[in-house]
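Me: I am new to this structure and would like to learn how to read its features. Could you take me through them with care?

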Amino acid sequence: MSVRTDRLVAVLLMLQRREQVTAAEVARELEVSERTARRDLDALAMAGVPVYSTQGRGGGWRLVGGARTDLSGLTADEARALFLVAGPASAATPAVKAALRKLVQALPEPFRAQAEAAASSLVMDPQRWGSNRVEHRPPRFLGELQDAVIRGVQVRLGYVDSRGAETERTVHPLGIVAKGPAWYLVSHTETGRRTFRIDRVTSADPTDDPVHRPEDFDLAESWREIADDINRKRTPMEIQAVCVPQGIGILRIGFGDRLEVGGATTDGRIEVVIRGRDECTLAGELAGLVEWLEVTGPTGVRDHLASIGNALVERYG
């Protein structure tokens, strides 16, 4: 998210400096595909920034009212929305926040106070109640790898995998993703696309060789594919069940994106599919939901649930 925010702010600043920009110009300056540039320009418009496009020869994207360094094309609501990004609840990088705070000073006087208030109106505390407070610091080589992504150069990467094996290879950095407290480098390698946890990187030496970036590469789409694949590998087991309508909310809380909700059955219950690590683990997770849920398959999970039920009756009956 922070990488996307960086790009959107960069596009906005380009619009401020120039009377008009094209998707091709944005793509060249930000070193992304034209498809990604068009998406970013559309995203600014959808977010309420007053930009519009003109078609045909000599067409492009402009700010309403022309290129204005004082951002006077923004309404009060638009200014507040934009500068929420500068506040502590934002996923933007410190450099982006600093840039936006400077832009606050360029706003027309009527909007400035509200924009400054917006930047400090939210606080996010990611710590759950009752959990230990852990300070998550950026991994050691995050800055070097982000710089390589921006400059579009290959990196000689030292890495320790999950089994403790040490390797060294040259990678083509394509983007960086923050997933909770963990940071990942998405790269192209000689064996195809790979994802590296940045806290496992032991060295990162940029080269002068340019990155080979697929023309249609989009970091957000690529990460969705990666995340879906990881989730499937982590939870390969699926069970089928039916749930009473009032239990669906409980399942969503307990299983999140491991839950798929289907249609209603003839008796009014809802078909669901739940993913888990294995039959035994899933049975343990489902045992306390018997009031709302009936597992219909596979048989192995039903057998585990029956065994758990017999053990409970024997101990507490």
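Reply: Let us begin with strands, which are DSSP runs of E with at least two residues, just as helices are runs of H or I with at least four, both numbered from the N terminus; two strands pair if DSSP finds at least two bridges between them. The model is a predicted one, in which local features need pLDDT of at least 70 and side-chain atom pairs pLDDT 80 or more, while totals for chains, interfaces and linings use all residues. Residues are numbered from 1 along each chain as its sequence is written, and side-chain values use heavy atoms, leaving out hydrogens and water.

Me: Over how many bridges do strand 3 and strand 4 pair?

Reply: Strand 3 (residues 153-160) and strand 4 (residues 166-179) are joined by six bridges in the antiparallel sense, and V155 is placed opposite V171 of strand 4.

Me: What is the order of the strands in the open sheet?

Reply: The five strands follow the order 6-5-4-3-7, with antiparallel pairing. Strand 6 (192-197) and strand 7 (201-210) are at the edges with a single partner strand each, so one side of each has no neighbour in the sheet.

Me: How should I read an aromatic pair?

Reply: A pair of aromatic rings is described by the distance of the centres and the angle of the planes. Rings of Phe, Tyr and Trp (its six-membered ring) pair if their centres lie within 6.5 Å, and planes under 30 degrees apart count as stacked, over 60 as edge-to-face and the rest as tilted. Here Y159 and F196 are edge-to-face, at 5.0 Å centre to centre and 80° between the planes, and they link strand 3 with strand 6, 37 residues apart.
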